[in-house]
Number of protein chains: 2
Amino acid sequence: MKEQLEQFYKEYKAKSNAYSLALTTMYFDQATIAPTQGNDYSNQMMAILSTESFLHAMDKDSICKLEQLVTLDIEPLLKTELERLLKHLNESKDLPQEVFTRKTLAVNESSSAWGQCKIDQDYKAFIPYLKNVIDTTKEVLTYHPNKEKHPYEILLDQFELGMTFEQYDLFFKEIKAHFVPLIKEIQEKGKHIDDSILKNKFSIEQQEKFSTELCNYLKVDSTNCNMSTSHHPFTTFLSLKDVRMTTHYYEDILLSSIYSIIHEYGHALFGLQIDEKYEGSILSRDIGSAMHESQSRFLENHIGKNKAFWVNQYPALQQLFPIFKDVALDEFMDIVNVSKPSLIRTEADELTYPLHVMIRYEIEKELFNTDSINYENLNERWNELYKEYLGVVPSHDGEGILQDSHWSSGYFGYFPTYALGSAYAAQFYHTMQQHLDVDQLLESNQFDVIAQWLKENIHHHGGAKSANEILLEVTNEPFNPKYYIDYITKKYRTLYNL
Amino acid sequence: MKEQLEQFYKEYKAKSNAYSLALTTMYFDQATIAPTQGNDYSNQMMAILSTESFLHAMDKDSICKLEQLVTLDIEPLLKTELERLLKHLNESKDLPQEVFTRKTLAVNESSSAWGQCKIDQDYKAFIPYLKNVIDTTKEVLTYHPNKEKHPYEILLDQFELGMTFEQYDLFFKEIKAHFVPLIKEIQEKGKHIDDSILKNKFSIEQQEKFSTELCNYLKVDSTNCNMSTSHHPFTTFLSLKDVRMTTHYYEDILLSSIYSIIHEYGHALFGLQIDEKYEGSILSRDIGSAMHESQSRFLENHIGKNKAFWVNQYPALQQLFPIFKDVALDEFMDIVNVSKPSLIRTEADELTYPLHVMIRYEIEKELFNTDSINYENLNERWNELYKEYLGVVPSHDGEGILQDSHWSSGYFGYFPTYALGSAYAAQFYHTMQQHLDVDQLLESNQFDVIAQWLKENIHHHGGAKSANEILLEVTNEPFNPKYYIDYITKKYRTLYNL
């Protein structure tokens, strides 16, 4: 009986994985190279497949068998895997298929519409898609077993287990208390950093060549990981041996593609360094977003904005862009780390970054607090908060409310994990420095040793452990925002001679 | 009851299409950019999805309903569609799922292995994959309802309805009778064409730029059609508004990417110009291969090897490759059309091309005539036939038996349709010249008028009509190889001053 149930689970899982790989591949294709006229048809087909996948996963008989299996005397790993799976299945067990399909279609349509709306800077055209995604997301939440919970808290918890308003409010309060005065102090008394050199145009062909340099330095292995381009950079995981990153090249923002590649490779590395025993298991995928973002933000900031990293990379950059030939490395490091309230989250410096996140967090809270959202003015609400927290106002919605793909993909509750992930990253970095001479490794082109440390301490677990378990195991204490606050404060006080 | 059955068919069809789009996208992804380490996993997942798709399609109850529906008083178009579908379903109705899955997996594994084996010029490494594909193909054929038919004839018929040994043997006999003496005569008495300029290296970056020129001239619309690269050029059809072409750039074969793009766009154009009413229907896909190849070969040869075509394109080529600056257009046309027995089918001139096809046809016949194939020597058999018909011998298997992807994908019986398609193309061209001033249109950058003629006369039917029906309708006579023989003979006698 145990053997039969195990065999059943093996087949059940394989079929789920087949649907999942198909949908991931189709989504990736659409986000990267698919000709736009095909989107309507492929969205319909993806909705059908998603429904098939949902019906397969939620089949009552199947769940019943899995519930039987988990009570038997089985391998601990299998037990953990089944428990996690059943937790997720239970969260959707009351969701009617029709509602699921409607939400899927809403998300697919909105995802494909968003890119063009962003290019056209046309928020009005995007409203019906956004409304549809939010409405169907809310409808889905009404079927969640934890009905007493606030809908937005359900979402927060889905992206990072156990996170609530209270915890995020506290966290952002800390950030506000420390970072807002520091930003002000820098503006008033900090040394002047001239980064006007970045206002030049940088040929995309040359940028692509620098990407190759970067990938070589990071030892990206093209047999298991490669890079495409898309409107918004992202990473997607097809298997433990097949991870795809994307970037976006802008002629007028040199640092954009550079830092998105480093950021995305942080995600990719996580996916590639998970223990092989988790291949095909929910434990290879169900990783908290803050934990995942801690790895991308770690690479982006603690590695990519470190002078030791650029000791190797800067000469190549200078050669590709001779405009830098008279800019010393120290001067370049000032430019890379300059702190300036700005409009685009993904290009923000480390100090102002969490405020971009806070703006989205506040808007999301509002969206899920009311049944009558004023969509017409949502872009103005965005601009208002940018003015309030960062003192800058978008000149159009492409650099305002339409800048990120998340909402178009139905990712509400994801943004706060970026800030939380940055804070985890600082805590990990503090510990790593006690084990490794990070600067020396970066200078001597040994990024692989750092990657190996991340693998052994963090990545190999996949989603088998929670963020707090890993933090405790690696850093010997639970999450503590102090490391983040200290790291940022010290870094920016030093940079600005304060 | 009719309404219910129609609704049932609508859903049945949509689900089939969803599986089909998923698999096509996954196959395309694997053939273009997928990192190789992911292939094992994705092949397993694709085999699972193919099986799901097969089980869905072959479900006895469903087929029963379709058989009921087709007998009712329904729209003629729906009737045609259902009849065609049921014909195919009946061909597979006795095939056990397990055999189907095994063949699918064999083909997936062999497809992913082939590219590397070709690069490594390692036929030995490819043998187990090829054997597995041939064995499972033969096994599948044992379940075909027409058991009395020769297995290879079943395959020939699958790719081009109604084609038999007898017909192909006759066709190739004609070709042999006319082309082999002509090839000899050219070698003995033809004027000398110096094409040594093609032995230079041509930068891939510049070749890519020329591809853009080509696509502009052919008015490729990037919102419904685009181009990637793969080991072997191919075209794939995701919907009537989403067609993907691929090409392959070789530094030492300038004409390779140029003619594969023109060839593949012939396929693409067919797929893009099918009447919208066939979207999602089997009638949009089930097109005879010879008919499809007639369109790619038409573009490649009757358009792309025409001087009028190059009047526009040649200056751009000269600019990108200054080595041509002192080569007059007429001289370049001689070079483009030079006839020389060679090793690679896709780069062969029009005169020797069908002999490449004949070699594959003969080997395929042998493969399906015996149960004890001598795999170890199959590469030598290939080389022997090249020696016999073309007087050339591959220096390694990468330019020999491993050159084409077809066998690795289980496409046995496909090759002969290339030659047949070339012959259809000549017959269509003969008629087109009576309607349009092709040269004048090409010279004045009006390829769209030619595309429109192809749409109205051929493409819009999709697969609703057979090749012979279309030939009769457009050219006023059934297939007649005379046009092909005459066209080739005249072209090459003129070119070589014979």
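Reader: What makes H16(B) and H20(B) a pair in contact?

Author: In this predicted model, Ala419(B), Ser422(B), Ala423(B), Ala426(B), Gln427(B) and His430(B) in H16(B) meet Tyr483(B), Tyr484(B) and Tyr487(B) in H20(B). Contact here means heavy atoms within 4.5 Å. By class, this contact has 6 nonpolar, 3 polar and no charged residues.

Reader: Why are H16(B) and H20(B) called roughly perpendicular?

Author: H16(B) covers residues 415-435 and H20(B) covers residues 482-495. They pack at an angle of about 85°. The range for roughly perpendicular is 65 to 115 degrees. The angle falls in that range, so the two helices are roughly perpendicular to each other. Their axes are 8 Å apart.

Reader: What holds paired strands together in general?

Author: Strands of a sheet pair through backbone hydrogen bonds, parallel or antiparallel.

Reader: Why is the relation between chain A and chain B described as a two-fold rotation axis?

Author: Chain A superposes on chain B by a rotation of 180°. The shift along the axis is 0.0 Å, and the RMSD is 0.0 Å. The two copies are thus related as by a two-fold rotation axis.

Reader: Which residue of chain A comes closest to that axis?

Author: Ala22(A), with its C-alpha at 2.8 Å.

Reader: How do you know that the copies meet through the same surface?

Author: Compare the interface residues. In chain A, 100% of them are also interface residues in chain B, so the surface is the same. The contact takes 39 residues from chain A and 39 residues from chain B.

Reader: What is the area buried between chain A and chain B, and which residues of chain A stand out?

Author: The buried area is about 3100 Å². Carbon and sulfur atoms give 63% of it. Pro35(A), Gln37(A) and Tyr41(A) supply 21% of the area that chain A buries against chain B, more than any other three residues.

Definitions and conventions
Residues are numbered from 1 along each chain as its sequence is written. Chains are lettered from A and ligands numbered from 1 in the order in which they are written. This is a predicted model: local features need pLDDT of at least 70, side-chain atom pairs count only at pLDDT 80 or more; totals for chains, interfaces and linings use all residues. Side-chain values use heavy atoms; hydrogens and water are left out. Axes are lines fitted to C-alpha atoms, for helices over the stretch in contact, and angles run from 0 to 180 degrees between N-to-C directions. Helices (H or I, at least four residues) and strands (E, at least two) are DSSP runs, numbered from the N terminus. Angles under 35 degrees count as roughly parallel, over 145 as roughly antiparallel, 65 to 115 as roughly perpendicular and the rest as oblique. Ala, Val, Leu, Ile, Met, Phe, Trp, Tyr, Cys and Pro count as nonpolar, Asp, Glu, Lys and Arg as charged, and the others, Gly among them, as polar. Copies are superposed by least squares on the C-alpha atoms of residues with pLDDT of at least 70 in both. Buried area is the accessible area (1.4 Å probe) that two parts lose on being put together, summed over both.
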